[in-house]
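Reader: I would like a close look at one part of this model, with the cut-offs stated as the terms come up.

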Amino acid sequence: MRNRDNDPRKPRPKGGFARPDGRRGDDRPKHGRSGAENRPPRRDTTFKQDRPFKQERSGQERPKQAFRPDFKRDRSSKPDRPFKKKIWRPQARDHDGPVILYGWHSVKAALENPARKFHRVLATENALHRLTETGMTLPITPKLAKPEEIEALVGPDAVHQGILAEADPLASPDIDDLAPRGLVLVLDHITDPHNVGAILRSAAAFAVEAVIITSRHSPEQTGVLAKAASAALEHVPIVTVPNLARALGALQDKNVFVVGLDSSGEADLATVPLRAPLALVVGAEGKGLRQLTRTHCDAVAHIALPGRIKSLNVSNATALALYVVGGRLAAE
């Protein structure tokens with residue numbers, strides 16, 4: 001008869017069988033073995049350098065490696081990393097301090113302007129020789145400099161043509177003292193110095209009497225703007241106003257006809273009625289005229305373009321608008 005107490009099919013109690021010493025637990029040997037001698041071997045914790053070498057145990061000597069203190073890593077097969085160009089940053093400048101003018105036309109026109117007050121003029125040997133050949137009377141003696149010295153002030157990508165000047169900014173006329181008889185140009189939050197400089201150059205070419213900008217959201221009249229203007233800073237007065245809407249109202253009080261230029265304008269600039277004196281208002285590229293600026297315009301017009309592209313860069317659109325408006329005012 002089978003003993004039910006030793007029957008392996010009988011479920012064992014949760015605490016296991018009772019041992020002779022009174023403890024509960026499974027008295028079956030672990031891993032099929034019993035006792036400390038039957039436990040699995042522990043991992044060898046001795047250091048690798050303390051262990052006998054396999055070949056030494058077999059009677060062979062361990063091969064010695066030659067010491068090479070002059071060993072250098074071969075990098076010929078490693079691809080060269082691309083050269084990361086260091087970013088040039090201009091030096092911090094006081095907004096009330098001198099402005100920087102560079103480039104032949106910009107500096108030459110500034111030297112010919114008696115209203116300019118110079119701090120210093122740097123010129124390379126070739127630029128200094130070119131200044132001497134002009135025969136002009138210089139208000140300040142240029143200092144001979146290397147091209148690297150000028151590049152340190154304007155950046156390595158600037159086309160300085162070997163000449164640079166530091167001068168005080170020109171005084172801004174007051175809008176109340178402005179008495180326009182012909183054409184005035186107004187810039188509404190155009191912040192790119194390249195565009196503003198190109199617009200000033202077009203304004204000087206089309207005999208604009210003054211350019212009105214805001215004290216905020218307008219680039220400084222230095223560096224890139226002066227180079228892009230190409231001497232226009234010396235020929236076109238720039239009026240700086242704190243509030244453009246009030247400035248337009250002041251112009252209207254002086255019987256100035258204000259026309260806004262925007263791609264969403266109702267009429268064609270070539271057909272809208274115009275009269276002198278006239279103020280042409282140009283908005284920022286992409287954004288156009290601000291809503292408050294539009295409400296202070298007597299008319300908002302666009303330039304009709306026959307091609308598939310219906311928009312132009314703001315400097316190109318301004319030059320074309322000045323050509324259209326200037327021609328119409330001259331014909332009337």
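In which loop is Asn113 found?

Author: The model is predicted, so local features need pLDDT of at least 70 and side-chain atom pairs count only at pLDDT 80 or more, while totals for chains, interfaces and linings use all residues. Residues are numbered from 1 along each chain as its sequence is written, and side-chain values use heavy atoms, with hydrogens and water left out.

Asn113 is found in the loop between helix H2 (104–112) and strand E4 (118–123); helices (H or I, at least four residues) and strands (E, at least two) are DSSP runs numbered from the N terminus. Asn113 counts as buried because its relative accessibility is 15%; buried means under 20% relative accessible area, exposed over 50%, and partly exposed in between, with a 1.4 Å probe and protein chains only. A polar atom of the Asn113 side chain lies 3.1 Å from the backbone nitrogen of Ala115. Not counting residues up to four places away in sequence, Asn113 touches Leu170 and Glu234, contact being heavy atoms within 4.5 Å.

Now to H5. Just after H5, Ala207 takes a positive phi of about 60°.

The strands under discussion belong to an open sheet of 7, in the order E9-E8-E7-E12-E10-E13-E11, with parallel pairing; two strands pair if DSSP finds at least two bridges between them. E9 and E11 (267–268) stand at the edges with a single partner strand each, so one side of each has no neighbour in the sheet. E7 and E12 (278–283) run parallel and are joined by 6 bridges, and Leu185 has Leu280 as its bridge partner in E12. H5 lies across E7, E8 and E9 at about 175° to E7; axes are lines fitted to C-alpha atoms, for helices over the stretch in contact, and angles run from 0 to 180 degrees between N-to-C directions.

Leu187 is in contact with Val196, Ile199, Val211, Ile212, Ile213, Leu244 and Val282, leaving aside neighbours within four places in sequence.

Notes. A polar contact is a pair of N or O atoms within 3.5 Å; within protein, one must be able to donate a hydrogen and the other to accept it, and residues adjacent in sequence count only if both atoms are side-chain atoms.
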